[in-house]
Amino acid sequence: MLHTLRSKILFYLVLISMIGILIVSFFIQYGFEESFNSYLDRNREKKIDRIITEIEKDYRKNGHFTSDPVFGLLHEHAMTDQLYFQLYDRFGQIQMDSSNIRGMLNSFGLTEPAPDGEEWHSKTYTLKVDNAIIGKLVAIYPEGLIDDEYTFIQTIQLYILAAVCLTIVLAIVFSMLFSKKLTSGLKKLSFAAGELKQHNLDIRIPLSGLPTEVKQIAISFNNLAESLAKEEMLRKQFTGDLAHELRTPLATLRSQIEAFQDGIWEPTPQRLQVSHEELMRLVRLVNELEKLLAAENPQIKLEKMELEAGSVLAALWEMFLPIFKEKGVGLRIEELAQEEIFKADKDRLMQILSNVLNNALKYTPEGKNVTISVVTDMEGFVGFKIQDEGSGMNEEDIPHIFERFYRGDKSRDRKTGGIGIGLSIVKALMDAHKGIIKVKSRLNKGTSITLWFPQEN
């Protein structure tokens, strides 16, 4: 019992509703009875005042008590209101008494018999004419309600009880509906979590109809599921790409070694050089994977320091000018008008820029140029823009160039010696710096990559 969230919500909703209904119904009944009793008391006092006025008026007119019309009024109230009177003169002699009417009527069976334990109240009023006491009037009436008054209050209580019962039923029904509505989002979350546990990475939680708090959790869950699905896809793709990258040099080495073993080939220096190149390709692949693993490590520690963008450009010029000259590609540096300071890990920064510059050099043909410049048109960032005049890329390839082993032109990296990991390392290190990468490219026109580094941490 009460093991599920829905049952707990339902229990407490019903409990609170019951308490509220009982409290409200109690106050309604108590307030109504008090108001009704107060109304009856005021009404009885008005009737007594009317009798006193008539008695004093008659006494003033006649100089003594007369039966007409006073006794008629006393008789009327005795018959209809169970309000009886005893009229005494100033000497204490009783002049009129309507209290015996009830006993007489009961003996004829014309009124309801007095219930057991019924109590009567009496109240004495002094009668005066011109400030002279002429006698006293004793009003006698039963405690509590009588006849129609009792029936009326019972009817009201019956209606209140019916209203309470109906409200309780409605409270239970609406509590069941509300508890179901409130927990429906959590049930969806629970079901989706179970599906995710069963490796159903396509499961998503529909957001429509969810309350705001649950919707935020559902959005986080959907993002998590999407991230897991993407990681699973990348894992499979990485495994396939790695197998493909290993298969080619291994197959080449195997065939060459078997040819040497079978005596088909003589191990000439040229053939050994080809085998060595395939072996070095495997070594480079392993080295690059180690770098990528280090760059993608969430615990990577950056030794950030203040750097001046012009000094970085000068260092790149000194580092890359020889190999650019060797290929016959021009390397241009655009001088800065003023100093631009930013914070970065110097070694990681040079690794990022070197990877991008190497890519630019690979895909820029002889006689063309690669230009490096510093841009500052993004507030809070300093950017390094590397613009080549190479072959460029298709627009649909741009979103994928930072994925491991991705190649828009499958044959291009074979020609250039790349293994498709350099830009993945760039992306991982830029993320570690909380930097931004912008890529623009046009086929046969060239590519520009801008690397934005935050000026502050």
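Mentor: The radius of gyration, taken over C-alpha atoms, is 51 Å, whereas a compact globule of 457 residues would come out near 23 Å, going by the rule of 2.2 Å times the number of residues to the power 0.38. Along the principal axes, the C-alpha atoms fill a box of roughly 155 × 60 × 35 Å. Bear in mind that this is a predicted model, where local features need pLDDT of at least 70, side-chain atom pairs count only at pLDDT 80 or more, and totals for chains, interfaces and linings use all residues. Residues are numbered from 1 along each chain as its sequence is written, and side-chain values use heavy atoms, with hydrogens and water left out.

The protein has 10 helices and 11 strands (DSSP runs numbered from the N terminus: helices are H or I with at least four residues, strands are E with at least two). Buried residues make up 34% of the 457 (buried is under 20% relative accessible area, exposed over 50%, partly exposed in between, with a 1.4 Å probe and protein chains only).

Now for the loops. Gln82 sits between α2 (70–81) and β1 (84–89), and its phi is near 50°, a positive value in a residue other than glycine. Gln82 counts as buried because its relative accessibility is 10%.

Then there's Asp130, in the loop between β3 (120–129) and β4 (132–142). Asp130 isn't a glycine either, yet has a positive phi of about 50°. Asp130 counts as exposed because its relative accessibility is 64%.
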